[in-house]
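Let's take a walk through a protein model together.

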Amino acid sequence: MSVADFAALIESVNLDLDARKAAYIPLIVSELERGITTTYTGVVSGKIFPTPPTKPILIGRSQRLLAKADELREQARKLLTETANLAQTNRPSQKWVQQVLTTIETLPEKKRPDARANLYGVGFQTQKPRDRSVLITSITEIFPENKRQPLIQPLQTMSNTEIRHVYESIGTIFRSPIKVDTITTEGVFRSFDCQDLVPSNDLAQTRATFEALEMPDLGVTGALGARQAYAICQIWSVKPAPKRDREIVKSSIPTLILQDRYDTQTPTTVGKQALAGLTNGTLIEFPNFGHGALVFSQCARDVGAAFVMNPTSSPNAACREALKTKFLLPPTSSN
């Protein structure tokens with residue numbers, strides 16, 4: 001296994017509805033230090049768990065109906081996707097993009113993230129045409145000389161239609177198709193991102209933050225996403241939000257902030273920053289879940305419902321005690 005494989009495992013804890021994976025992390029680390037992958041393989045495959053994974057918790061009848069509609073839409077989408085993929089598989093543009101991705105995997109591991117980012121960024125370069133010359137230049141910049149020609153030669157004989165399709169294919173490499181009716185669309189996400197988040201940050205500082213992590217390799221995915229965001233926002237047609245929109249909200253209105261300890265998207269530090277201006281605010285952290293406290297835990301929903309019914313009363317979150325992770329530790333030495 002690679003560093004990227006271990007990083008993916010850590011990131012997956014953020015969406016682990018059962019909160020089961022985190023319990024195995026200490027044992028996995030101990031085994032990997034000794035060259036053993038038994039527990040890691042069992043956790044990733046799911047075979048180590050005695051029961052199937054938990055499904056997302058649905059709240060109310062409308063949510064169940066929406067879930068059923070999503071299921072039917074997904075089935076229809078799958079059939080359409082399979083049909084479309086069969087028609088697209090043999091296109092020269094598709095074969096070329098796959099050839100590039102395969103060649104990236106032959107690079108030294110430390111160079112692969114930048115190579116992927118550079119390839120993904122081809123379609124977002126400002127003031128450059130989306131033609132074969134830009135692709136050839138990018139291949140020259142991404143790969144050493146001994147790997148370039150097999151990638152450049154197909155571009156020279158490819159039709160203009162296929163060249164345009166190369167750019168379309170590159171745009172979908174690292175991001176799964178977004179369900180427009182069930183989650184924030186890509187356009188909406190980028191508009192908020194480029195208006196609020198990116199203008200108030202600095203790429204060099206972001207990179208330095210990831211590099212300063214105790215385990216920098218765990219920040220590779222985040223660093224890649226940051227580089228992509230800064231590149232996209234250079235050409236995204238939105239204006240930065242006014243500075244006042246980024247100031248801490250000050251209020252005396254009773255407010256409840258729910259956080260999960262393994263949330264990698266909005267960690268507890270974000271909740272603490274929000275709490276700073278709330279004189280009647282309460283922050284409650286749940287001990288073993290990821291992004292979305294209400295989705296993961298009945299305890300969180302009970303605490304939230306009690307607050308809505310009586311916002312002036314101090315929340316009782318004693319149910320958290322039963323949720324604490326029971327870590328599986330490596331056996332101790334008898335010496």
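The largest cavity in this predicted model holds about 40 Å³ of space. How do you look for something like that? Rolling a probe the size of a water molecule over the atoms shows where empty space is left. Here a cavity is a set of points, on a 1 Å grid over the protein atoms alone, where a 1.4 Å probe fits but cannot get out. Grid points are joined across faces, edges and corners, and the volume is the space filled by probe spheres set on the points. By this rule, one cavity of 30 Å³ or more turns up.

So who sits around that space? Lining residues, the ones with an atom within 4 Å of a point, are Leu203, Thr206, Arg207, Phe210, Ala223, Ala226 and Arg227. Helix H11 (203–211) and helix H12 (220–233) each give at least two residues to this lining, and H11 brings the largest share, with four. Sorted by class, you get four nonpolar, one polar and two charged residues. The classes work like this: Ala, Val, Leu, Ile, Met, Phe, Trp, Tyr, Cys and Pro count as nonpolar, Asp, Glu, Lys and Arg as charged, and the others, Gly among them, as polar.

A quick word on the ground rules. Residues are numbered from 1 along each chain as its sequence is written, and side-chain values use heavy atoms, leaving out hydrogens and water. Since this is a predicted model, local features need pLDDT of at least 70 and side-chain atom pairs count only at pLDDT 80 or more, while totals for chains, interfaces and linings use all residues.

Now zoom out. The protein chain has 15 helices and two strands; these are DSSP runs numbered from the N terminus, with helices (H or I) of at least four residues and strands (E) of at least two. Of its 335 residues, 29% are buried, where buried means under 20% relative accessible area, exposed over 50%, and partly exposed in between (1.4 Å probe, protein chains only). Take contacts (heavy atoms within 4.5 Å) between residues at least 6 apart in sequence: 70% of them join residues at least 24 apart.

Confidence is lowest in helix H4 (residues 61–88), at a mean of 68, and highest in strand E2 (residues 281–286), at 96. Over residues 176–183 the pLDDT is below 50, and this stretch has 11 contacts in the model beyond near neighbours in sequence.

Pro254 lies in the loop between H12 and E1 and is partly exposed, at 31% relative accessibility. Leaving aside neighbours within four places in sequence, Pro254 is in contact with Asn280, Phe307 and Pro311.

Next comes Gln265, in the loop between strand E1 (255–260) and helix H13 (268–275). Gln265 is partly exposed too, at 47%. His291 is 26 residues away in sequence, yet its C-alpha is 6.6 Å from that of Gln265.

Not counting residues up to four places away in sequence, Leu329 touches Pro26 and Leu27.

Key: pLDDT = per-residue confidence, 0-100. 1 Å grid on protein atoms, 1.4 Å probe; cavity = no way out; pocket = protein on both sides within 12 Å on 5 of 7 lines; lining within 4 Å.
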